[in-house]
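Please open the model in your viewer and keep the selection tool at hand. The tour below goes from one selection to the next and says what is to be found at each stop.

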Amino acid sequence: MPSFWNTIKWLFTNKNYVILLIPFSFLYSIYMALGAIVSLICKQFGYSANQSAFFGLFFIIFGVVGSMIQASICDKRKTFKQQLIIICFLAVVTSSALPFLFYLNIYLAIMGTALLGFSLIPILSHGYSCGS
């Protein structure tokens with residue numbers, strides 16, 4: 001029976017595991033942090049509590065749709081690494097653009113939040129499917 005530390009050493013010397021671990025950790029952290037502070041962000045830009053609920057609603061709905069699309073592409077083409085690159089690229093672009101959209105108007109901010117959910121939530125299903 002292998003020891004705990006030998007297993008940990010084996011995991012971190014596995015290049016594919018590290019390639020998946022780093023973006024999964026960063027994107028999952030962004031997902032969790034955004035969920036915790038979305039109402040504070042909305043309050044800073046003058047949006048009401050009802051409006052911040054729409055941000056969360058569209059984030060989740062588009063995230064589930066994005067997960068289904070990403071999962072069907074992964075299952076059909078077996079291109080896990082390319083999908084990971086696409087997910088990371090979309091998440092970086094949308095999370096970089098989102099603060100600027102909050103300044104413009106609520107519709108663009110909701111659309112940006114929906115796109116962020118579309119590109120951010122699929123990392124969960126992708127990480128779990130690659131890890132199994």
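Begin with the aromatic side chains, among which the structure holds eleven aromatic pairs, a pair being two rings of Phe, Tyr or Trp (its six-membered ring) whose centres lie within 6.5 Å, with planes under 30 degrees apart called stacked, over 60 edge-to-face and the rest tilted. Select F55 and F102: their ring centres are 5.2 Å apart and their planes stand at 45°, so this pair is tilted. The two residues come from distant parts of the chain, since F55 belongs to helix 3 (residues 49–77) and F102 to helix 4 (residues 80–104), 47 residues apart. Helices here are DSSP runs of H or I with at least four residues, strands are runs of E with at least two, and both are numbered from the N terminus. This is a predicted model, in which local features need pLDDT of at least 70 and side-chain atom pairs count only at pLDDT 80 or more, while totals for chains, interfaces and linings use all residues. Residues are numbered from 1 along each chain as its sequence is written, and side-chain values use heavy atoms, with hydrogens and water left out.

Both F55 and F102 are buried, where buried means under 20% relative accessible area, exposed over 50% and partly exposed in between, with a 1.4 Å probe and protein chains only.

Next, select F58 and F62, another tilted pair, with 6.3 Å from centre to centre and 35° between the planes. Both residues lie in helix 3, four residues apart, which is about one turn of the helix. F58 is partly exposed at a relative accessible area of 28%, and F62 is also partly exposed, at 33%.

To see where they meet, select F55, Q70, I73 and C74 in helix 3 and F80, Q83, I87 and F102 in helix 4, contact meaning heavy atoms within 4.5 Å.

Finally, zoom out to the whole chain, which has six helices and zero strands. Its C-alpha atoms fill a box of roughly 55 × 35 × 20 Å along the principal axes, and 30% of its 132 residues count as buried.
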